[in-house]
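Me: I have a structure on screen and want to learn how to read it. Can we go through it together, feature by feature?

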Amino acid sequence: MKPADLVIVDMAGRKLEGRREVTSEIGMHLLIYRMRPDIHGIVHAHPRTATGFAAAGIALDQPLVCEVVIGLGQIPLAPYGTPGTPELAATLEPLIPDFDAILMANHGVVTYGADLQSAYMKMETVEHFAQIALVSHLLGRQQPLEGAEIEKLVVARNKYQGVKSAAPMPVYACADTDTRRRSKSQSKSELPNAIVSLLRS
Ligand SMILES: [Zn+2]
């Protein structure tokens, strides 16, 4: 893409300059700018691993990597909305105030930041984290960070330049991580018994 490919629009999405057409996803971009005055750059892409999670209906919401907890909190999954329609922006609306990166079901990812560079780096982080989450899933074991550790990371956010994510969710995620972990380990250990009782019946 060259500078000449850029299209300049106003806040109503009307084209002011450029030889190409306005993106069909302009509604999503304008909604984010309207809802988040702190945002000045948005990246929308379909990176293969993160989009794989979006296509599988799995949010990237496990606190598996400290860097991601600091930078993004967690990456929720918005329900599917037809691209290029107001439906798509509507699915994102409830998540935009609290998150800086969102998986879009069966579609892709959107990230946003104080400038374009930071939005781009968040997109890189989402794809990187998706690969790590996939590897830990393939290894058959995930070891999420615990509540107290997550709280320390959230406090540490203030020390890092450029980390302005409001995402309050990691601690919240962590509050039910213990429950999820318990239910996961229970379901694993109980599985053979469940199969045995099924075979016996
Ligand atoms: Zn798209």
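Me: How many bridges join β4 to β5?
Reply: Strands of a sheet pair through backbone hydrogen bonds, either parallel or antiparallel. Here two bridges join β4 to β5, and these strands run parallel. Two strands pair if DSSP finds at least two bridges between them. Strands are DSSP runs of E, at least two residues, and helices are runs of H or I, at least four; both are numbered from the N terminus. In this pair, L77 stands opposite L103 in β5.

Me: What should I know about the model and its numbering?
Reply: This is a predicted model: local features need pLDDT of at least 70, side-chain atom pairs count only at pLDDT 80 or more, and totals for chains, interfaces and linings use all residues. Residues are numbered from 1 along each chain as its sequence is written.

Me: In what order do the strands of the open sheet lie?
Reply: The order is β3-β6-β5-β4, four strands with mixed pairing. β3 and β4 (77-78) stand at the edges, each with a single partner strand, so one side of each has no neighbour in the sheet.

Me: Which way do β3 and β6 run, parallel or antiparallel?
Reply: Antiparallel, with five bridges joining β3 (residues 41-45) to β6.

Me: What sits in the hairpin of β5 and β6?
Reply: Most residues other than glycine have a negative phi, and most peptide bonds are trans. This hairpin has three residues between the strands, and N106 takes a positive phi near 55°. N106 is not a glycine. N106 is partly exposed, with 14 other C-beta atoms within 10 Å.

Me: What do buried and exposed mean here?
Reply: Count the other C-beta atoms within 10 Å of a residue's own, with C-beta atoms placed from the backbone: 20 or more is buried, 12 or fewer is exposed, and in between is partly exposed. By that count, 29% of the 201 residues in the chain are buried.

Me: Why is β6 described as largely enclosed?
Reply: Six of the six residues of β6 (residues 108-113) are buried, so the rest of the structure largely encloses this strand. Look at both faces. G108, V110 and Y112 point one way, V109, T111 and G113 the other, and all are buried.

Me: Which residues have the most contacts inside the largest nonpolar core?
Reply: In soluble globular proteins, nonpolar side chains tend to be buried together. A nonpolar core is a set of buried Ala, Val, Leu, Ile, Met, Phe, Trp, Tyr and Cys residues joined through C-beta atoms within 7 Å. The largest one here has 35 residues, and L60, I102, L103, V109 and V126 have the most contacts inside it. Helix α5 (residues 116-138) gives the largest share, six residues.

Me: What is I102 in contact with?
Reply: Two residues are in contact if their C-beta atoms, placed from the backbone, lie within 7 Å. Leave aside neighbours within four places in sequence, and I102 touches I75, P76, A78, L92, L95 and V110.

Me: How do I check the span of α5?
Reply: The expected span is 1.5 Å times one less than the number of residues. For the 23 residues of α5 that should be 33 Å, and the end C-alpha atoms are 33 Å apart, which agrees.

Me: Which residues of α5 are buried?
Reply: An α-helix has 3.6 residues a turn, so residues three or four places apart point the same way. In α5 the buried residues include S118, K122, T125, V126 and F129. Their cover includes β3, α2 (48-56), α3 (66-71), β5 and β6.

Me: At what angle does α5 run to β6?
Reply: Axes are lines fitted to C-alpha atoms, for helices over the stretch in contact, and angles run from 0 to 180 degrees between N-to-C directions. α5 lies across β3, β5 and β6, at about 140° to β6. α2 lies across β4, β5 and β6, at about 115° to β6.
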